[in-house]
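Morning, everyone. Please have a look at the structure on the screen, and I'll walk you through it.

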Amino acid sequence: MNVLVVGGYGAVGVHVVKTLAGWFPGRVVPAGRDLAKASRLAEAIAATDGGGSAGTAGGAAARVDVTDADGFARVLEQHQIGVVVLCVEPPDATVARVCLGQGVHLVDVGASYRLLAQVEGLKTAEATAVLSVGVAPGLTNLLARRAHDALGGADRIDLTVLLGAGERHGADAVRWTVGQLATRPDGAPLRVELPGFGTRTAHPFPFSDQHTLRRTLGVPVVTTRLCLDSAPLTAGLFALSGAARHAQVRRALTAVLSRVHMGGDRFAVRADAYLGDRRAAYALAGREQSRYTGLVAAHVTRALLDGRLPPGVHHLDQLPALASVPEDLGLRVENALEFNRISF
């Protein structure tokens, strides 16, 4: 059973490919619309491991177009794919439908609720689809689950994500982030203490976790907020949220954010759950959000290949076998209500 990593040469996908190639030599196929880039990565890993028999599936790579269902199905068959890791965002659920229809497992790194909701509606008794994989959604879901379970339920959950403005994110990720500024999610800005950063102002942002957690945890109010490690850049970015409704402004912002990197590469995630007057909160911090997104996806893929996950469509927080992913990645999860006693 081989693994196809779509977008395998991108900022996230390259970490998925390299991690899985170390665990499963000869079974990883980088893929994307640019076959030359995918092939260079496959050849580089194969060479590092001492030949085409290791690293990737014989040094193989594939050209795939997520809008071409028939072509995608042919690639699955040609390379004997058992798991697809989707590190690009398709326009609809076609890829998921093809995978599950052929009994191929799916790991989706997407963060748009509109698309994840389409995949949620698919039925499968033979394959497994894991959604909400990465940092946000992903680690946010797992921390929300911990805070929720610590109280035995919750009336409200607040999620906060801080991303490093200095990290070089992929072009698609930058475009997606800028595109979301034009939306008007519910909620108000909130001052939140984050590990290693002190208290920051975070703004409501339409990550998919706030929508899916309302269903998976049965919590009526969930809000995800975003800030950057640069407070001035955060303020400036959200001040332009209204103007971001215009395509020209979005293109200009995308160009600027792709070239200018003000800040570092650290990120932080926090989840606060409330039940009446009780509260539980957990937080973690790390470096290189793109790398950790890829590592989460790789760990989920390994669990699938090891046969540890049940069939069906699930979000990350619904799978007890993956509850320890933060610790498996070497991240330290802390009680966020005790920051004054913790040294990060």
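**A walk from one leucine outward**

Let's start with one residue. Leucine 226 has a relative accessibility of 3%, so it counts as buried. It sits in strand 10, which covers residues 221-228. What does leucine 226 touch, beyond its neighbours within four places in sequence? The contacts are Val161, Leu163, Ala202, His203, Phe205, Phe207 and Phe238. Take alanine 202 from that list. Leucine 226 and alanine 202 are 24 residues apart along the chain, and their C-alpha atoms are separated by 5.0 Å.

One caution before we go on. This is a predicted model.

Now the overall picture. The protein chain has 344 residues, and 56% of them are buried. Its secondary structure comes to 12 helices and 14 strands. Next, the contacts with a separation of 6 or more. Of these, 71% are between residues 24 or more positions apart.

On to the inside. In soluble globular proteins, nonpolar side chains tend to be buried together. Here, the largest nonpolar core has 68 residues. Which residues have the most contacts inside this core? They are Val85, Leu139, Ile157 and Val300. Helix 11, residues 289-305, gives the core its largest share, with 9 residues.

Let me pick out isoleucine 157. Leave aside residues up to four places away in sequence. Then isoleucine 157 touches Ala144, His148, Leu217, Val219, Val221, Val222, Thr223, Asp272 and Ala273.

Helix 11 comes up again with helix 1. Helix 1 runs over residues 13-23. Its buried residues are Gly13, Val14, Val16, Val17, Thr19, Leu20 and Ala21. What do they pack against? Strand 1 (2-6), strand 2 (28-32), helix 2 (35-48), strand 4 (81-86) and helix 11.

Now two helix pairs. Two packed helices are described by the angle between their axes and the distance between the axes.

Pair one is helix 3, residues 69-78, with helix 4, residues 94-101. Their axes come within 10 Å and cross at roughly 40°. The crossing is right-handed. Helix 3 brings Ala69, Phe72, Ala73 and Leu76 to the contact. Helix 4 brings Thr94, Val95, Val98 and Cys99.

Pair two is helix 6, residues 135-151, with helix 8, residues 209-216. These axes also come within 10 Å, and they cross at roughly 35°. This crossing is right-handed as well. On the helix 6 side we have Ala136, Pro137, Thr140, Asn141, Ala144 and Arg145. They meet Asp209, Thr212, Leu213 and Thr216 in helix 8.

Stay with helix 6 for a moment. Proline 137 is found in this helix. What kind of peptide bond joins alanine 136 and proline 137? A cis bond, with omega at about 0°.

Threonine 140 is in helix 6 too. Is threonine 140 buried or exposed? Its relative accessible area is 0%, so it is buried. Threonine 140 touches Val135, Leu159, Val161, Asp209 and Val269, again not counting residues up to four places away in sequence. Val161 was also in the contact list of leucine 226. Then there is leucine 284. Threonine 140 and leucine 284 are 144 residues apart in sequence, and their C-alpha atoms are 9.7 Å apart in space.

Last stop, backbone angles. Serine 132 has a positive phi of about 60°, although it is not a glycine. Its place is the loop between strand 6 (128-131) and helix 6. The relative accessible area of serine 132 is 0%, so this residue is buried. Glutamine 80 also has a positive phi, near 50°, and is not a glycine. It lies in the loop between helix 3 and strand 4. Is glutamine 80 buried or exposed? Its relative accessibility is 60%, so glutamine 80 counts as exposed.

That's my tour. Over to you.

Key. Residues are numbered from 1 along each chain as its sequence is written. This is a predicted model: local features need pLDDT of at least 70, side-chain atom pairs count only at pLDDT 80 or more; totals for chains, interfaces and linings use all residues. Side-chain values use heavy atoms; hydrogens and water are left out. A nonpolar core is a set of buried Ala, Val, Leu, Ile, Met, Phe, Trp, Tyr and Cys residues joined through side-chain atoms within 4.5 Å. Buried means under 20% relative accessible area, exposed over 50%, partly exposed in between (1.4 Å probe, protein chains only). Helices (H or I, at least four residues) and strands (E, at least two) are DSSP runs, numbered from the N terminus. Contact means heavy atoms within 4.5 Å. Axes are lines fitted to C-alpha atoms, for helices over the stretch in contact, and angles run from 0 to 180 degrees between N-to-C directions. A crossing is left-handed if the near helix is turned anticlockwise from the far one by less than a right angle, and right-handed if clockwise.
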